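Biologist: I would like to learn how to read the contacts in a complex. Please take me through them one feature at a time.

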Protein chains: 2
Amino acid sequence: MSKSRTPSIKMVADRAGVSVATVSNVLNGKPTVSPDFARRVNDAVRELGYVVDLGASRLRSRKTQLVGVVVPDLTNPMFASFVSTLEHLARLDDYDLVVVSARNDTEEEADRLRKIRAWRPAGLIVIPCDGAFAERLPTGFFAPVVLADRIPDAAGFDLIAVDNGPAAGAIAAHLDGRGYRDCLIVGSSLSISNVRERWEGVQAAARRMHVEMLEIGIDDANGAQRLEERLRCRPLPGALFSLDHGTTLLTYRAMAEIGLSVPGDLAFASFDDMEWMQLVAPGITAVRQPIEEMAEQAWALLLRRMTGSAGKPVTRRLRCAIEIRGSTLRSPLEEAGNTKLGGEKWKLQDEPYSPE
Amino acid sequence: MSKSRTPSIKMVADRAGVSVATVSNVLNGKPTVSPDFARRVNDAVRELGYVVDLGASRLRSRKTQLVGVVVPDLTNPMFASFVSTLEHLARLDDYDLVVVSARNDTEEEADRLRKIRAWRPAGLIVIPCDGAFAERLPTGFFAPVVLADRIPDAAGFDLIAVDNGPAAGAIAAHLDGRGYRDCLIVGSSLSISNVRERWEGVQAAARRMHVEMLEIGIDDANGAQRLEERLRCRPLPGALFSLDHGTTLLTYRAMAEIGLSVPGDLAFASFDDMEWMQLVAPGITAVRQPIEEMAEQAWALLLRRMTGSAGKPVTRRLRCAIEIRGSTLRSPLEEAGNTKLGGEKWKLQDEPYSPE
DNA sequence: AGCTTACAATAAAACGTTTCACCAGAATTT
DNA sequence: AAATTCTGGTGAAACGTTTTATTGTAAGCT
């Protein structure tokens, strides 16, 4: 007799011998309900294994605890960690997340945004593929949007990012101070704002050191080719600074393949600190981004908007930390003091990035 | 005058001068609609930027293109990659994913499952925290469920996993064949099925080699402590084989901290091949799991069930590949042939895991 | 011309909720 | 005791869709 279907509020009401309105009141903690009725309802809920239908609930109440998250690539550990933190925070505030990856493709990003809109989320957190994000946001989207990590061309969004320029500048200053005279800067694409900011930071900070930029694209075999050619070409630059995660992986592998030793043949530093960078010998000097903090701030920002706070869009920049390791310490003498894992650590505070 | 709200199908109907039913018919590609009306509707849709409300749509049509995905930890690159692949495949079939991470906590997993149920998904793909998953599945959940990677205690689920035992056995056989006589096996917890299977595989394959198991838990400082103590204790085992990703990271770091050299002081191998394992020198011998293929199979399995195929639950095992690298090649002579990245590679086919 | 068939479009019901207006009875005030 | 205010509960409308049944009209048959 029991219809084998997921139980509805009506079935709960029937079983408890009350009206559906009462069930709804109990479930939503409305105060005007007697303890006796509440118990009967709760019993029925438990016996039936009833769980509210959020779709129907949202439809009627016009309020939803759902936020969309769009990242360029979920397999990038930075973004994965960002999403994971976000998800935890959302849960604490009783929100759900629908997460999508744009796979580094602006078309796909636009498509995903449209799709996410169909769920009528209460808000959106996006790490955009590129600066032209605003054009891809569907027209007539009224929920608040917080952007993270990358800066859009158009203003008007809440924004949370790191201080790419100064942090990259600190690495440049470090290399400069070590006496390196030529530095090859490698990055995926200057069309990505943080790569661009890092490159500008390097240029601003390099004093006696000559710097030169090489763009190798995202997943671009051609770019990888060009990088290899450059690395086989003499004279080598004294140092190499890679501006993003994908590029670092590619560059480091290429160097090993060619047989270049770090820092013997050239020094090496990376923007983005990955776990393996302190496992290789020598460890790799890197900029560590406060990715969890970025997620926290993004969530805080969005939550504020979702709960109705108006006001001008805000922009926040977070401080990065610099991890100096063996890969940029040329002489054996210098290196000796830094064989321990972790290496020297600069936590940049009030007087950041001052050359040593 | 225009109500600044997200447009509904009614507004589209009004603007196009037709009924809402007609709009719905056009949008869902029903054949019985004249080209003229279709054009008018499409125009109105475009002008208003209308996007269907999936919640309302599902509510009425009782069919949803939503599937839930639950993984133990999104920051684990294996799982991140699993999710990313899944998301891509789902998109191709026009499904949406709601992804949640259980953060290695069975309580949280149960909670997330209940929450996901409130969205009325058409199906579920789960990498369970532990074997007792079935108990945490909400009662009265009728959508098909596919489990991946880890084996539940209770039967009755479609299941896709890798051949943990034979693959781990292959590593053990390799070490045995190299002449190592003592091997310390380190893993997070035998309560996780694949760790258990790997340990059993090692025991079955070790012939002359003596093996010993050490469980260090998940995020357990105490376990890490015990591991360190063992590594400071003489005599060292000839080899160390770490059975999962987290443990490998912890172990490798501990060895470096203590100052043990690989493979000089002891050989080292890992279950789970991470990108950095071919970047360190020497490279680390590892079992590589076909994680994308696992996602593909999981999706195929679920899709079959969602489109109505009945029948007994199926279990599928995928083959792992073994990457032999410098970390298990003791003599300099042997090592010489393997300094290149990538090392020796066993793609295990018909005659898998036979000791060399 | 009359009668059926086919077609295109619509009105209205339904999906599972929440909310609003309302109601009966009890408790309080006058 | 009558009038008022609470109190705890309910019926019914509404949310934005899809679907079913129905209508009106045009076309095809004798």
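Modeller: Start with one pair: B:Arg91 and A:Asp111 form a salt bridge, with their closest N and O atoms 2.4 Å apart. A salt bridge here is a side-chain nitrogen of Lys or Arg within 4 Å of a carboxyl oxygen of Asp or Glu. This is a predicted model, in which local features need pLDDT of at least 70, side-chain atom pairs count only at pLDDT 80 or more, and totals for chains, interfaces and linings use all residues. Residues are numbered from 1 along each chain as its sequence is written, chains are lettered from A and ligands numbered from 1 in the order in which they are written, and side-chain values use heavy atoms, with hydrogens and water left out.

Biologist: How many salt bridges does the rule find across the interface of chain A and chain B?

Modeller: The rule finds 14 across that interface. It also finds 22 residue pairs in polar contact, both residues being at pLDDT 80 or more. A polar contact is a pair of N or O atoms within 3.5 Å; within protein, one must be able to donate a hydrogen and the other to accept it, and residues adjacent in sequence count only if both atoms are side-chain atoms.

Biologist: Which element gives the largest share of the side of chain A that touches chain B?

Modeller: That is H5(A), with eight residues. Helices (H or I, at least four residues) and strands (E, at least two) are DSSP runs, numbered from the N terminus.

Biologist: What area is buried between chain A and chain B?

Modeller: The size of an interface is often given as the accessible area lost when the parts come together. Buried area is that loss for two parts (1.4 Å probe), summed over both. Between chain A and chain B it is about 5,700 Å², and carbon and sulfur atoms give 53% of it. Chain A and chain B each bring 58 residues to the contact, meaning heavy atoms within 4.5 Å.

Biologist: How many residues surround DNA strand D?

Modeller: A residue is near a strand if one of its heavy atoms lies within 4 Å of it. For DNA strand D there are 28, and A:Thr22, A:Ser34, A:Phe37, B:Ile9 and B:Ser24 are the closest.
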